[in-house]
Amino acid sequence: VEQVLPVLRRRIPSVRLRIVGRDAHHVDDLRGRPGVDVVGAVESMRSELDRADLAVVPIRFGGGTRLKVTEALANRVPCVTTSIGCEGIDVVDGQHVLIADDAAGFAQACGRLLTDVQLRSSLTDAGVDLFERCYRWSTIRSKMTGLAQSAMSS
């Protein structure tokens, strides 16, 4: 909001950042800032994802799998994230998502995705293919079943 959004709004004045999800009270101080909508919890993310032009996952520290990245892939929403934001997910920068670890790079990546229709299309196509091959629950279940059977027969 402070480092990326102003740069992006100078390039694309109509850009809005929608912060959607539980625990929005943690970002209440962002309400009313230019270009920011703090939505909070919603019954279903489907309508939010359907209206999104871009998903951003600007995580700078922490651990665990980043479900927001796989959610974007599954829903054909192009994504800009940090290296830490996609840690544990087999995405490739420029193929499935755009990865940037500083504010200037993040703003540039967001601007590229918002203005380059061909790039958006290629990332979303490759992203949904990766999701289908690696992260769909039926795929994961099948792999886990195979691993369990292999372990039991050893």
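Predicted model: local features only at pLDDT ≥ 70, side-chain atom pairs only at ≥ 80, totals over all residues.

Visitor: How are helices assigned, and what span should α4 have?
Guide: Helices (H or I, at least four residues) and strands (E, at least two) are DSSP runs, numbered from the N terminus. The expected span of a helix is 1.5 Å times one less than its number of residues. For the 13 residues of α4 that gives 18 Å, and the end C-alpha atoms are 18 Å apart, which agrees.

Visitor: Which residues of α4 are buried?
Guide: Buried means under 20% relative accessible area, exposed over 50%, and partly exposed in between (1.4 Å probe, protein chains only). In α4 the buried ones are G105, F106, A107, A109, C110, G111 and L113. They pack against α1, β3, β4, β5 and α5, where contact means heavy atoms within 4.5 Å.

Visitor: What is found at the start of α4?
Guide: A polar contact is a pair of N or O atoms within 3.5 Å; within protein, one must be able to donate a hydrogen and the other to accept it, and residues adjacent in sequence count only if both atoms are side-chain atoms. Here a side-chain oxygen of D102 comes to within 3.2 Å of the backbone nitrogen of A104. At the start of α5, a side-chain oxygen of D116 reaches to within 3.1 Å of the backbone nitrogen of Q118.

Visitor: How many residues does α5 have?
Guide: Helix α5 (residues 117-135) has 19 residues, and its first and last C-alpha atoms are 25 Å apart, close to the 27 Å expected. Its buried residues include L119, L123, A126, G127 and L130.

Visitor: Is H96 buried or exposed?
Guide: H96 counts as buried because its relative accessible area is 5%. H96 sits in the loop between β4 and β5 (98-99). Its side chain reaches the backbone nitrogen of V92 at 2.9 Å. Leaving aside neighbours within four places in sequence, H96 is in contact with L73, D90, V91, L123, A126, G127 and L130.

Visitor: What should I look for in backbone angles?
Guide: Most residues other than glycine have a negative phi. In this model D23, which is not a glycine, has a positive phi of about 60°. D23 lies in the loop between β1 (17-20) and β2 (36-40), and is partly exposed at 47% relative accessibility. R76 also has a positive phi, near 60°. R76 is in the loop between α3 (67-74) and β4 (79-81), and is partly exposed at 42%.

Visitor: How do I read empty space?
Guide: Rolling a probe the size of a water molecule over the atoms shows where empty space is left. On a 1 Å grid over the protein atoms alone, a cavity is a set of points where a 1.4 Å probe fits but cannot get out; a pocket is an open set with protein on both sides within 12 Å along at least five of seven lines; lining residues have an atom within 4 Å of a point. Grid points are joined across faces, edges and corners, and a volume is the space filled by probe spheres set on the points.

Visitor: How much space lies in the largest pocket?
Guide: The largest pocket holds about 2100 Å³. It is lined by 48 residues, of which L17, R18, I19, V56 and P58 are the closest to its centre.

Visitor: And what lines the largest cavity?
Guide: The search finds 1 cavity of 30 Å³ or more, with about 40 Å³ of space. Its lining includes R76, H96, L123 and G127, and α5 gives the most, with 3 residues.

Visitor: Where does L17 lie?
Guide: L17 is in strand β1 and is partly exposed at 22% relative accessibility.

Methods. Residues numbered from 1 in each chain as written. Heavy atoms only, no water.
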